[in-house]
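Please keep the sequence and the model in view while reading the numbered points.

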Amino acid sequence: MTTQAVNTDETAGTNETAGTDAAQSTGAGPGTGRRILGAAALAATVPYLCLKGAWVAGSRIGIPDGSVLLGPGMFFKVANAVTLVMDAAVIVLVLVFTRPWGRRVPSWLLTLPVFLATGLLVPIVVAFPGQLLVRAVGLGPDAAAQAAREPFLDPWVFNVVYGGFIVQAMALAALFVPYARQRWGGLWQGVQGERLPSPTGVVAGAAAALAVVVAVVEFTWAFGGTAGLSPSQIAQFNPETGVVFATYGMCTLVAGAGAVNLARGGARPARWALAVAWTGAAAAASWGLWLLISCAGTVDPAKAVTTGMVLTYAGQMITGLLAAAVLVRFLASRRRPA
């Protein structure tokens, strides 16, 4: 551990204490910019919360006839309730990032919600505009293909919901950066420093190797490959679906590369290394888990997922978790005295 890293840890503790004490003594609220960002994030949750609340209450708004969402069983009802709570958590995060008392929230209590928010929102920020671009240049499904697709949600639902998610992601990121700088800024000051211990390097190497395997499969699917996909997915493939698969592959590769970069150390700025590893790990782990849960909700034998799909999604999730473990070890090394 270098002297610079030790000083970094001392600075982090000083910054966090000073920021908290100042907030307690002055009772100052957020500035105008942060209030605007907070209001934007809160407003962006309204469409999703209203839709989910309506669906939990039994409404069919935005759900066409024949949609799998109208099928029997409790899976989608429970999923709607859980995702409603998850989006409501954005309101709590906005308050934490903008109110003085938010700096006193224990770090461990914030880690999982922020990790999940990053992981679930970042791929949407990448994939949804990509799908709109594909559609704008005329590469999306034609009218006949759209008519043949199995009903799921009315098109306007995706535009409203995903548009809201993008606003949430941008506003939360803009609010989190200054909040994190005040509390933990010392942890990413300076350069990465020394190489992490060998066991951590092994974990990083495993994350990178698995990331390559998973990404190859997902990029193959993105460009029209069919190996490992279910018949229903093959039948409904289009370039917009390919954008989603490509996004999963990119996030998984970023997770693996971020883990290796952190484990190697060096003279690169620590803040960028942490940002890349955090984003990749969160996206790969969160969406890998979400896709596995979605597989469990498939009850129609004609739409059953394949073993290849389950293994790919599991590999994506495991890559993210391995990268997260390296990230935790890296942060611990910067807190530890020489």
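1. A residue is called buried under 20% relative accessible area, exposed over 50%, and partly exposed in between, with a 1.4 Å probe and protein chains only. Glycine 315 has 6% relative accessibility and therefore counts as buried. Its place is in helix α11; helices (H or I, at least four residues) and strands (E, at least two) are DSSP runs, numbered from the N terminus.

2. The model is predicted, so local features need pLDDT of at least 70 and side-chain atom pairs count only at pLDDT 80 or more, while totals for chains, interfaces and linings use all residues. Residues are numbered from 1 along each chain as its sequence is written, and side-chain values use heavy atoms, with hydrogens and water left out.

3. The protein chain contains 11 helices and two strands. Their order along the sequence is α-α-α-α-α-α-β-α-α-α-β-α-α. The chain has 338 residues, of which 39% count as buried. Contact means heavy atoms within 4.5 Å. Among contacts between residues at least 6 apart in sequence, 87% join residues at least 24 apart.

4. Apart from neighbours within four places in sequence, glycine 315 is in contact with Leu210 and Val214. From glycine 315 to glycine 288 the C-alpha distance is 7.6 Å, although 27 residues separate them in sequence. Leucine 331 is also placed in helix α11, but with a relative accessible area of 26% it is partly exposed. With neighbours within four places set aside, leucine 331 is in contact with Leu187 and Leu274.

5. A nonpolar core is a set of buried Ala, Val, Leu, Ile, Met, Phe, Trp, Tyr and Cys residues joined through side-chain atoms within 4.5 Å. The largest such core has 43 residues, and Leu93, Phe97, Leu110, Leu172, Phe245 and Tyr313 touch the most other members. Elements giving two or more residues to this core include α2 (32–56), α3 (75–98) and α6 (155–184). The largest share, 11 residues, comes from α6. A second, separate core has 21 residues, among them Leu274, Ala281, Ala285 and Ala324.

6. How do α2 and α3 pack, and at what angle do they cross? Their axes come within 9 Å and cross at roughly 165 degrees; axes are lines fitted to C-alpha atoms, for helices over the stretch in contact, and angles run from 0 to 180 degrees between N-to-C directions. The two helices are therefore roughly antiparallel, a label for angles over 145 degrees, whereas those under 35 count as roughly parallel, 65 to 115 as roughly perpendicular and the rest as oblique. The contact includes Leu42 and Leu49 of α2 and Leu84 and Phe97 of α3. Its residues divide into 13 nonpolar, six polar and three charged; Ala, Val, Leu, Ile, Met, Phe, Trp, Tyr, Cys and Pro count as nonpolar, Asp, Glu, Lys and Arg as charged, and the others, Gly among them, as polar.

7. Helix α4 (residues 107–136) packs with helix α9 (residues 239–264) at about 150 degrees, with axes 9 Å apart. These helices are therefore roughly antiparallel to each other. Among the contact residues are Pro123 and Val126 of α4 and Val243 and Met250 of α9. This contact comprises nine nonpolar, three polar and two charged residues.
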